[in-house]
Amino acid sequence: MSAAPILAAEQLDVFYGGIQALRGVSLDVREGELVTLIGANGAGKSTTLKTIAGILAPKSGKVRFNGAEIQGRSSHLILRDGLALCPEGRRIFPNLTVDENLDLGAYVRHDAQGVKDDVARWHATFPILKERARQLAGTLSGGEQQMLAIARALMSRPKVLMLDEPSLGLAPKLVDQIFAVLKELKGRGVTILLVEQNARQALEVADRGYVLETGRIVKHGPASDLSGDPAVRKAYLGG
Amino acid sequence: MTDFANFLLNGITLGAIYALIAVGYTMVYGIIKLINFAHGEFYMFGAFVGYFVLTGIFAVPPQGGEPGYLALLAALLAAGVATGLLAVLVERLCYRPLRNAGRIVALLSALGVSLFFQNMGQQAVGADFRKFPPTIAETRYPRSEVPLESLKEGQVAERDLRLTYYVKAEDGRDQQRVITIANGGEAIDGAQLATARDLAASSTLPAAVHAYPRVTVSNRHLLIFLALLLVSAALYVLVMRTRFGRAMRAVSVDFEAARLMGINVDLIVSGTFFIGAFVAGICGVLAGGMTFERIDPLMGLMPGLKAFVAAVLGGIGSIPGALLGALLLGVSEKMVEAYVSSGLRDALSFGILILVLLVKPSGLLGRFEGEKV
């Protein structure tokens, strides 16, 4: 725990109208780490990621990324800073082809050859995307769309990738595949902040974890400690 | 049969005019789901910009100046750019602040903008019609030249024979005039032939007699077709083949996800307004000005509504749909006008609107999305 974190949220308070969704949420991610944020439905996990990504503005609190304060910045500028969010529900562009989706992921890049190389790289990682390269993305299955969403988010070569519920709504076999991909990305040195309802598998791949309950961080620590914590086991890991 | 061919040709021309307006409607709808009722006023604004460029910078007298293609090109460019910038401003001031206020609110704002420009226009330039300068000499095609000397009194003309000659206009430029010597199937009248010879002799540029078939098309109409072809091709390339077009398509389905790609959504929306209004402004000069020949601050109302019907008929949000819908509407209107009653023309158009909304709200080529929650 030597270097300063590349990404840190400090005391975030976020409201939807009059309802407070986050209460003093703080967390940090260091370069190369895979950090997971777990919690029940409605605990504020997605809200946390959306706030960091600039989709929501915090009422108070700070987000530091790569040495700069970024709270309140537009989300398209935050992506340009090097912080990508792969949103919940995949949000691929169904009216564009698979490759056009990938190209849009690299919208902010101007190195045509590098983009081409990256497309080839993600084609190799996810062969199904290569097979369906010219197909409309809306025709892909849920699992394929999730692969596309992850690859698309990585096309900008972000310094940190945030993933919101990548396993949501997928068949168990596909969930395993998604987590295998996350493990592989981690192996390649990609820094990841992962939000998951599937706490067991999330803690298996993560270095550290945060537990969010009704808008507050109630526990954090190394992933293995959290997996062993009786309260966490009872609430999120099914006993 | 000849009549039918002429009606069809006129219908296609009218359809092409509607199409040039409708693409802007449909592009803006496609991207922010707003029916921009002020779009017809962009068409009007473009016509006036063209008018002032021609009468001001090129000093063309509105009654009969034909400064030619270079002046026309300048007028078109000025109209396109000025109208595009106006649309960017309108979006920034009147629509963007309402983007999260709901679609009805933005629609009401658009109606307000439309009325604002109609009334401000009347205040600024007066409510009266103005004659738009012809700008380019009219030529009808196809035609073939016939030597004037070969024509004899009493001879039956196979085709329409017309003399094209030139006089000095008040601005000192040579201005083209055309008189008919004889219509096809008629015998040539001696007095008319003598007049033609006199006019040819006094013509300031070489005069010529041409024979025309019963179905001809004007170079002004050809210009509109050309503009539509260029616009369609350019839009296809822009939307399907460029980075901007990919971003447009992304923004049209999901603002938030587009931002997460680093796309500056506001910039894409501004760009879309600019392009749609650029085309409407050009159309204002080509159609409102040069084809209908008179302009006034309310001239955008009816073509704007018709283009809206065309966009709905084709499937609002779809560019190919707008082109198809506009051509169908233009031809239907001319056919009803010719074979049923000219009074029913507008009733037909708005009847089509109601019918499409009742029976197939997605239009011919659109995908129905329903209300977004």
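Visitor: How are α6(B) and α7(B) oriented to each other?
Guide: In this predicted model, helix α6 (residues 219-241) of chain B packs against α7(B) at an angle of about 75°. That angle falls within 65 to 115 degrees, so the two count as roughly perpendicular. Their axes are 5 Å apart.
Visitor: Which residues make the contact?
Guide: From α6(B) they are B:L238, B:V239, B:M240 and B:R241. α7(B) contributes B:F244, B:G245, B:M248 and B:R249.
Visitor: And by class, what does that contact have?
Guide: Five nonpolar residues, one polar and two charged.
Visitor: Switching to the chains. How many residues of chain B are in contact with chain A?
Guide: 14 residues of chain B, which meet 20 residues of chain A.
Visitor: Which helices of chain B supply at least two residues to that side?
Guide: α7 (243-253) and α8 (255-260) of chain B each do. α7(B) gives the most, with five residues.
Visitor: What classes are the residues on that side of chain B?
Guide: Seven are nonpolar, two polar and five charged.
Visitor: Another topic, B:I21. Buried or exposed?
Guide: B:I21 has 31 other C-beta atoms within 10 Å. The cut-off for buried is 20 or more, so B:I21 is buried.
Visitor: Where is B:I21 in chain B?
Guide: In helix α1 (residues 2-32).
Visitor: What is B:I21 in contact with, leaving aside neighbours within four places in sequence?
Guide: B:H39, B:Y43, B:A280, B:C283, B:P303, B:G304 and B:A307.
Visitor: How far apart are B:I21 and B:G300?
Guide: They are 279 residues apart in sequence and 9.9 Å apart in space, C-alpha to C-alpha.

Conventions: Residues are numbered from 1 along each chain as its sequence is written. Chains are lettered from A and ligands numbered from 1 in the order in which they are written. This is a predicted model: local features need pLDDT of at least 70, side-chain atom pairs count only at pLDDT 80 or more; totals for chains, interfaces and linings use all residues. Helices (H or I, at least four residues) and strands (E, at least two) are DSSP runs, numbered from the N terminus. A residue is buried if 20 or more other C-beta atoms lie within 10 Å of its own, exposed if 12 or fewer, and partly exposed in between; C-beta atoms are placed from the backbone. Two residues are in contact if their C-beta atoms, placed from the backbone, lie within 7 Å. Ala, Val, Leu, Ile, Met, Phe, Trp, Tyr, Cys and Pro count as nonpolar, Asp, Glu, Lys and Arg as charged, and the others, Gly among them, as polar. Axes are lines fitted to C-alpha atoms, for helices over the stretch in contact, and angles run from 0 to 180 degrees between N-to-C directions. Angles under 35 degrees count as roughly parallel, over 145 as roughly antiparallel, 65 to 115 as roughly perpendicular and the rest as oblique.
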